[in-house]
Amino acid sequence: MSGENSAAAQPRLLLEERFELGECPNWDGDNNRLYWGDIVGKKIHALDIATGQRHSWSFESEVGCFGLTDQGRLVVALKSDVILFDPKTGAREKLAEVDGDNAMSRTNDGKIGPDGAFWIGTMDQNSDKQPVASLYRVTGEGTVVHKVGGIKISNGLAWSPDGTKMYHSDSRGPWVNRWDFDAATGAIANCQRYLDLDDTLGRPDGGAVDVEGCYWSAGVSAGNLNRFAPDGTLLLSIPMPMPNPTMPCFGGADMKTLYVTSHMENYSAEKRAEFPDAGKLVTLHVDVPGVAVHRFREAG
């Protein structure tokens, strides 16, 4: 990465608002808008970058993750229901259900893959995390396929620039795996360990990939945003102004702006006072543009 010690290492606060469990930033380039969720706040938020106008929408349960669709809607994973949501009208339409019979889990990290499907991970909600969570693939027709099991906290989904590799993490592994990916069918194969991480560098939360094929990971337990080469070499570790960054996404007209969410879930009053920027959003400029996240392919 050119200029690794330049402005790339200068995160700044995007908003003064704090969110309990900020997650899942999504860049809508068509409307110059940033979306993100507050999982336990049961809301999706949006900011129009040019005007500063804010929007928010409330839901009946936790908002684990969501993505943009090819019809201008959002596909949203609630606690177990997957719905299509129109931010213009507020209209909601149930599409599918994932892990609805698993009382221990809720949806967590998710992203739209190069196959146009919504990949949704789940997590154990209990403090003593058990490997009861999974990764699912949901299509525009509402078909749900179980892809990976035995996970404690499914996280870190991202795809290589050419769409042939899928990254997937378990935040309590704590590891990141890389799969061969078939964008035509959504098939995954040949799982290999990409990274083994710890609390020093940060357990892997949300992820994103840039056009050089490098994987950006929110080091949620160490207050870092980490950039790894395709071979797993650590290239950059950027300290964030809060202890628990949760997920990066690329945006801006040139895709060289990173937006990073964070959380203050389970913080005591004292810790909230000690870290006044916890739960806020951070933005930073980077030298290498990100890979645009795909849009969900609605049926019909």
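**Pockets, cores and a sheet**

I begin with the second largest pocket, whose lining residues divide into 17 nonpolar, six polar and three charged. Please bear in mind throughout that this is a predicted model. The volume of the second largest pocket is about 390 Å³. Its lining consists of 26 residues, and those closest to the centre are Met255, Val291, Ala292, Val293 and His294.

Which elements give two or more residues to this lining? They are β2 (22-28), β6 (65-68), β10 (105-112), β14 (154-159), β18 (204-209) and β22 (245-251). The largest share, four residues, is supplied by β22.

I turn now to the largest pocket, which holds about 540 Å³ of space. This pocket is also lined by 26 residues, with Met123, Ile153, Arg172, His263 and Glu265 the closest to its centre. How does its lining divide by class? There are seven nonpolar, ten polar and nine charged residues. For the second largest pocket, I repeat, the corresponding figures are 17 nonpolar, six polar and three charged.

As background, nonpolar side chains in soluble globular proteins tend to be buried together. In this model, the largest nonpolar core has 29 residues, and Ile44, Val76 and Phe118 touch the most other members. Two or more residues of this core come from each of β4 (43-48), β6, β7 (74-77), β8 (81-85), β9 (92-97), β11 (118-124) and β12 (133-138). There is also a second, separate core of 26 residues, including Leu34, Leu225, Tyr267 and Ala278.

Where does β6 lie in its sheet? The sheet is open, has four strands in the order β6-β7-β8-β9, and is paired in the antiparallel sense. Strand β6 is at an edge, as is β9, and each of these pairs on one side only. On average, and ignoring direction, neighbouring strands of this sheet are turned by 20° against each other.

Strands β6 and β7 are antiparallel partners over four bridges. Within that pairing, Leu68 has Leu74 of β7 as its bridge partner. As a general point, strands of a sheet pair through backbone hydrogen bonds, either parallel or antiparallel.

Definitions and conventions: Residues numbered from 1 in each chain as written. Predicted model: local features only at pLDDT ≥ 70, side-chain atom pairs only at ≥ 80, totals over all residues. Heavy atoms only, no water. 1 Å grid on protein atoms, 1.4 Å probe; cavity = no way out; pocket = protein on both sides within 12 Å on 5 of 7 lines; lining within 4 Å. Points joined across faces, edges and corners; volume = space filled by probe spheres on them. Nonpolar A, V, L, I, M, F, W, Y, C, P; charged D, E, K, R; others polar. Core = buried A, V, L, I, M, F, W, Y, C linked by side-chain atoms within 4.5 Å. Buried < 20%, exposed > 50% of the residue type's maximum accessible area, 1.4 Å probe, protein only. Pairing = 2+ DSSP bridges. Axes fitted to C-alpha atoms, helices over the stretch in contact; angles between N-to-C directions.
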